[in-house]
Amino acid sequence: RRNGEGRGAGGGRYEKTPENVSDLGAKTETKLYNSVLELVGNTPLIKLNKLPRDHGVPCEIYAKCEFFNPSGSIKDRIALSVIQDARQAGVVNNDTEFVEASSGNTGIGIALNAAVSENKCIIITEDNSSEEANTINLLGAEVIQAKNKDAIAYRLKDENPDKVVILNQGDNPVNQRTHYENTAEEIVSALGDVDMVVMGTGTGDTMTGIGLKLKERNPKCVVVVAEPDGSVVFNTKDKEHPFLVEGIGGSNLSITIDKSVADHFEVVTDQESFLMSREMAKKEGLLCGGSSGTAMAAAIKAVKALNVGPGQRVVVILPDGIRNYMSKFVSDQWMEAHRFIEPPAHTMKWWKRP
Ligand code: PMP
């Protein structure tokens with residue numbers, strides 16, 4: 001019997017066969033952890049199967065699935081390492097209050113760390129009713145809504161300079177080092193030399209850290225940036241305009257980004273990004289966020305543009321999962337309202353909607 005078939009009604013006895021090695025029954029190694037923070041990093045690299053086939057891609061594509069981090073995104077790595085670094089430097093102790101201006105995954109990552117370490121944590125966001133703010137609140141951090149997030153963070157620091165620590169996510173060199181020493185090392189240890197790596201850039205720390213290490217290992221490794229249509233970080237020829245994909249392509253660039261690490265960029269529209277995220281769910285079972293779709297769509301374009309061939313290995317970074325986007329691209333209605341998909345035939349056509 002094949003993997004999973006015949007379970008439930010009418011199913012027979014489980015038989016261990018070579019085909020069902022991925023069955024839960026074959027997993028015997030269960031580790032114990034002292035806290036959820038021990039699960040940060042070491043995320044799985046998963047080979048894609050149907051998606052490259054359906055897009056006529058001849059090379060191997062591996063997804064680095066950062067949504068396996070405890071708070072659901074790549075930012076857990078950054079939050080953990082900046083706090084550890086500051087603790088070692090004696091800047092952070094048990095009485096420290098973390099203050100961070102962040103609307104998204106960074107704030108969630110710091111709030112998760114603070115929950116475990118019992119440090120007080122204040123996250124300043126632009127929108128305290130967002131899904132992300134709800135998650136930060138659930139983790140026990142205080143959420144402050146402010147337009148000028150950074151100014152408020154520095155005011156809180158001025159009011160209580162001995163206790164408050166601003167981890168200064170964007171511009172902390174530890175961020176890039178973490179990707180260089182950890183995220184990239186994980187890729188190298190699993191795959192050896194890699195021919196191409198693809199990701200979006202928010203701060204650019206992921207790209208700079210991973211790109212530098214993979215190029216050190218294989219100077220021919222092509223570093224590809226996934227640029228949202230409307231962003232002019234790499235695509236300086238087109239006009240800047242708003243876009244809906246979150247976490248990348250914006251004004252959040254860190255001062256430590258080294259743009260010269262990137263060899264190539266591909267422009268990806270919102271529609272291409274969200275359709276790709278949805279396709280990854282449907283074809284590979286990967287429940288990833290919108291910027292993951294941007295990265296995967298860019299990877300497929302780059303593989304074709306640069307003729308990456310059979311046997312070559314491409315790694316695509318998937319920075320987060322679907323949780324922040326449940327009422328956005330995950331929802332068919334949202335996709336229809338933005339005209340990214342057509343409504344099903346039985347519903348009113350969108351051009352007739354009020
Ligand atoms: N995708 C998402 C969803 C993110 O939150 C971020 C971080 N802003 C990124 C991608 C980009 O990561 P980095 O800041 O390292 O460039």
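This is a predicted model: local features need pLDDT of at least 70, side-chain atom pairs count only at pLDDT 80 or more; totals for chains, interfaces and linings use all residues.
The chain contains ten helices and ten strands, and of its 354 residues 43% count as buried. Among contacts between residues at least 6 apart in sequence, 69% join residues that are at least 24 apart.

Around the ligand there are 17 residues, and the closest of these are G202, T203, T206, G247 and S291. Sorted by class, this shell consists of two nonpolar, twelve polar and three charged residues.

Two packed helices are described by the angle between their axes together with the distance between those axes. For helix α8 (residues 270-284) and helix α9 (residues 290-305), the angle is about 95 degrees and the axes lie 7 Å apart; α8 and α9 are therefore roughly perpendicular to each other. By class, the contact of α8 with α9 has five nonpolar, six polar and one charged residues. The residues that meet are listed below by helix.

| Helix | Residues in the contact |
|---|---|
| α8 | E272, S273, F274, M276, S277 and M280 |
| α9 | G290, S292, G293, T294, M296 and A297 |

Is N137 buried, exposed or partly exposed? Because 14 C-beta neighbours lie inside 10 Å, N137 counts as partly exposed. Between N137 and V315 the separation is 178 residues in sequence, and in space the two are 34 Å apart, taken from C-alpha to C-alpha.

Key: Residues are numbered from 1 along each chain as its sequence is written. A residue is near a molecule or strand if its C-beta atom, placed from the backbone, lies within 6 Å of it. Ala, Val, Leu, Ile, Met, Phe, Trp, Tyr, Cys and Pro count as nonpolar, Asp, Glu, Lys and Arg as charged, and the others, Gly among them, as polar. A residue is buried if 20 or more other C-beta atoms lie within 10 Å of its own, exposed if 12 or fewer, and partly exposed in between; C-beta atoms are placed from the backbone. Helices (H or I, at least four residues) and strands (E, at least two) are DSSP runs, numbered from the N terminus. Two residues are in contact if their C-beta atoms, placed from the backbone, lie within 7 Å. Axes are lines fitted to C-alpha atoms, for helices over the stretch in contact, and angles run from 0 to 180 degrees between N-to-C directions. Angles under 35 degrees count as roughly parallel, over 145 as roughly antiparallel, 65 to 115 as roughly perpendicular and the rest as oblique.
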